[in-house]
Amino acid sequence: MSLVVERLDLYYGDAQALSEVSLEVGARRIVAIVGANGAGKSSLIRTIAGIEKPRSGSIRFKGQDITGLESYRICDLGIGQVAEGRQVFPSMSVQENLEMGAMIPRARAKARATMSRVYELFPRLAERRGQAAGTLSGGEQQMLAIGRCLMGQPELIMFDEPSLGLAPALVQEVFRTIRLLHEAGHTVVLVEQNVAVSLKLADDAYVLENGRIVMSGRGEELLHDDRVRQAYLGL
Amino acid sequence: MPIELYLNVALGGVLTGLVYGLMALGLSVIFGVVRVVNFAHGEMMTLAMYAAVMLFVYFKLDPLLLMLPIMATLFLFGYAMQTAVINPFITRPEHSQFILLVAIAIIMINGLLMFFGPNARNVLVDYAYDSYQIGPILLDKVRVIAALAALAVAAALFAFFRYAPTGKAIRACADNNRGALVVGLNVKRLYALTFGLGSACVGAAGCMMVLLVDVTPMLGPTYTLLAFVIVIVGGLGSMGGALLGGLLVGVSEALAGLVLTPSAKSMVTFALLILVLLLRPQGLLGRKA
């Protein structure tokens with residue numbers, strides 16, 4: 001197992017955001033976490049990343065307990081994140097944004113080589129390397145967010161709503177990139193509102209409702225499950 | 001009055017203004033990144049000024065030679081202060097941060113009063129009354145040296161933020177805090193570094209200021225306020241704005257002393273502030289929120 005989450009509880013003040021969430025992510029698999037807006041998907045990602053601190057439960061990565069570690073330590077263990085809303089550095093150049101992805105110790109020495117790989121993967125970014133990230137289009141910013149994540153040499157990449165706000169053609173492009181990264185050996189956790197596409201792409205999937213896991217199984221299985229079809233696919 | 005006199009006074013104001021600018025630069029950098037207003041900024045400068053006075057009196061060392069060790073001391077002081085005291089307050093509401101920093105300022109003022117008493121002290125270097133003459137222009141040597149040193153420190157800081165990886169990481173924190181967490185930057189450590197750098201700036205400014213004015217423990221609040229005015233005039237969070245604001249305040253103070261009366265200089269400074277707030281609320285080089 002790459003990532004094991006056990007009985008995770010998260011509170012914002014008195015409001016419970018996650019309740020006894022348990023899940024497993026096998027090495028080199030794509031695991032989708034689907035659910036409606038406000039179900040706790042982003043909270044889960046942010047807790048695994050160390051940005052939110054859980055009240056109870058445990059998170060293990062490759063056998064090591066990482067519960068409650070600071071976010072920069074978790075990044076340095078190889079858990080990368082493409083966050084909701086891209087979170088690029090708007091007034092810094094594309095190149096500087098990528099450099100920031102490689103500030104963690106595990107990535108620093110390989111930064112130069114990785115950057116040329118990222119530019120190969122996203123030629124648009126290479127064309128715009130001197131341009132401020134805030135002036136890029138939504139799709140380009142998403143490419144930058146993915147590229148910046150790759151700069152950190154992650155083994156596991158968590159994508160939080162990567163298709164949100166993108167035109168359909170770009171959504172296809174983003175999912176194609178995710179598949180490509182998976183084939184290149186990355187383990188992928190994918191959080192999406194776009195349930196149909198992500199279940200098709202995923203090996204395993206979990207359905208999150210009101211901060212609880214209510215269903216889990218193979219992606220294909222859930223895609224054909226009547227409850228999922230009714231609740232999320234409108235069929 | 002002859003035009004040369006105005007020119008001389010204005011140039012003197014430019015030189016003093018660069019030192020003001022360096023002082024305000026520290027405040028601006030801290031606010032721009034950590035989003036905390038250092039209400040103990042002027043007090044930190046008086047600490048540096050007293051350090052310079054003591055080292056000058058006991059070791060006969062020139063304050064400009066002392067600049068580097070005093071900057072280093074203030075850096076460590078600021079770093080420690082951010083780590084130990086301010087970081088725990090970072091998510092608290094602004095008024096509790098305000099009270100915290102005002103408390104620190106009051107402790108500093110009274111600490112200085114306890115150790116040094118209320119009397120004014122100064123540093124009289126042997127070139128204190130030297131000056132450079134260029135045609136009709138007469139410039140005080142201490143002001144020229146202080147201004148050049150201020151420019152050098154500011155330039156070093158600009159270069160650090162532009163080219164050094166750690167400097168870029170600090171800019172990233174200011175640009176998008178959530179993004180900084182996402183890529184695995186150690187935000188708390190970068191905040192402490194930033195507070196240290198801002199403190200080092202004001203420490204350097206103190207070493208220069210001690211050549212220009214006498215220091216008393218009560219000088220702190222005046223300069224905290226002045227730094228705040230300069231930063232607002234130049235634009236909150238803008239490094240170039242802090243220097244420009246410093247220049248404008250320096251020149252307007254100097255000319256006010258000449259045209260009106262020396263005691264009216266604060267009046268002119270605040271008039272400048274009100275004018276900027278009316279016409280360009282984000283400050284001269286500030287970005288619109």
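## Ground rules

Two residues are in contact here if their C-beta atoms, placed from the backbone, lie within 7 Å. With that in hand, welcome to the model. It is a predicted one, in which local features need pLDDT of at least 70 and side-chain atom pairs count only at pLDDT 80 or more, while totals for chains, interfaces and linings use all residues. Residues are numbered from 1 along each chain as its sequence is written, and chains are lettered from A and ligands numbered from 1 in the order in which they are written.

Helices (H or I, at least four residues) and strands (E, at least two) are DSSP runs, numbered from the N terminus.

## The two chains

Chain A holds 11 helices and 10 strands. Its C-alpha atoms fill a box of roughly 45 × 40 × 35 Å along the principal axes. The radius of gyration is taken over C-alpha atoms, and the globule rule is 2.2 Å times the number of residues to the power 0.38. For 235 residues, a compact globule would come out near 18 Å, and the 17 Å of chain A agrees with that. Buried residues (20 or more other C-beta atoms within 10 Å of their own; exposed means 12 or fewer, partly exposed in between, with C-beta atoms placed from the backbone) make up 47% of the 235 residues in chain A. Among its contacts between residues at least 6 apart in sequence, 67% join residues at least 24 apart.

Chain B has 11 helices and two strands, and from the N terminus its elements run α-α-α-α-β-β-α-α-α-α-α-α-α. Its radius of gyration is 19 Å, close to the 19 Å that the globule rule gives for 289 residues, so chain B is as compact as a globular protein of that length. The box filled by its C-alpha atoms is roughly 60 × 45 × 35 Å along the principal axes. In chain B, 51% of the 289 residues count as buried, and 78% of the contacts between residues at least 6 apart in sequence join residues at least 24 apart.

Two packed helices are described by the angle between their axes and the distance between the axes. Axes are lines fitted to C-alpha atoms, for helices over the stretch in contact, and angles run from 0 to 180 degrees between N-to-C directions. Angles under 35 degrees count as roughly parallel, over 145 as roughly antiparallel, 65 to 115 as roughly perpendicular and the rest as oblique. A crossing is left-handed if the near helix is turned anticlockwise from the far one by less than a right angle, and right-handed if clockwise. For residue classes, Ala, Val, Leu, Ile, Met, Phe, Trp, Tyr, Cys and Pro count as nonpolar, Asp, Glu, Lys and Arg as charged, and the others, Gly among them, as polar.

Start with α1(B) (residues 3-34), whose axis comes within 8 Å of that of α5(B) (residues 141-163), at a crossing angle of roughly 35°. This crossing is left-handed. Among the residues that meet are Gly12(B), Leu15(B) and Leu22(B) of α1(B) and Ala147(B), Leu151(B) and Leu157(B) of α5(B). The contact divides into 13 nonpolar, three polar and one charged residues. Helix α1(B) also packs against α9(B) (residues 219-234), at about 80° with the axes 9 Å apart; the two are therefore roughly perpendicular. Tyr20(B), Leu27(B) and Ser28(B) of α1(B) are among the residues in that contact, as are Tyr223(B) and Phe228(B) of α9(B). Here the classes are 10 nonpolar, one polar and no charged residues.

The axes of α2(B) (residues 41-59) and α3(B) (residues 63-86) come within 10 Å and cross at roughly 135°, which makes the pair oblique. The crossing is right-handed. Residues that meet include Met44(B), Leu55(B) and Phe56(B) in α2(B), and Pro63(B), Ile70(B) and Thr73(B) in α3(B). This contact has 10 nonpolar, one polar and no charged residues.

## Where the chains meet

The contact between the chains takes 15 residues from chain B and 21 from chain A. On the chain B side, the elements that give two or more residues are α6 (165-175) and α7 (177-182), and α6(B) has the largest share with six residues. By class, that side has seven nonpolar, four polar and four charged residues.

Which residues does Val182(B) touch, leaving aside its neighbours within four places in sequence? They are Gln81(A), Ala83(A) and Gln87(A). Val182(B) lies in helix α7 of chain B and is buried, with 30 other C-beta atoms within 10 Å.

## Positive phi in chain A

Arg86(A) is not a glycine, yet has a positive phi of about 65°. Arg86(A) sits in the loop between β6 (79-82) and α3 (94-101) of chain A, and is buried with 26 other C-beta atoms within 10 Å.

Gln153(A), also a residue other than glycine, has a positive phi near 55°. Its place is the loop between α7 (138-150) and β7 (156-160) of chain A, and with 20 C-beta neighbours inside 10 Å, Gln153(A) counts as buried.
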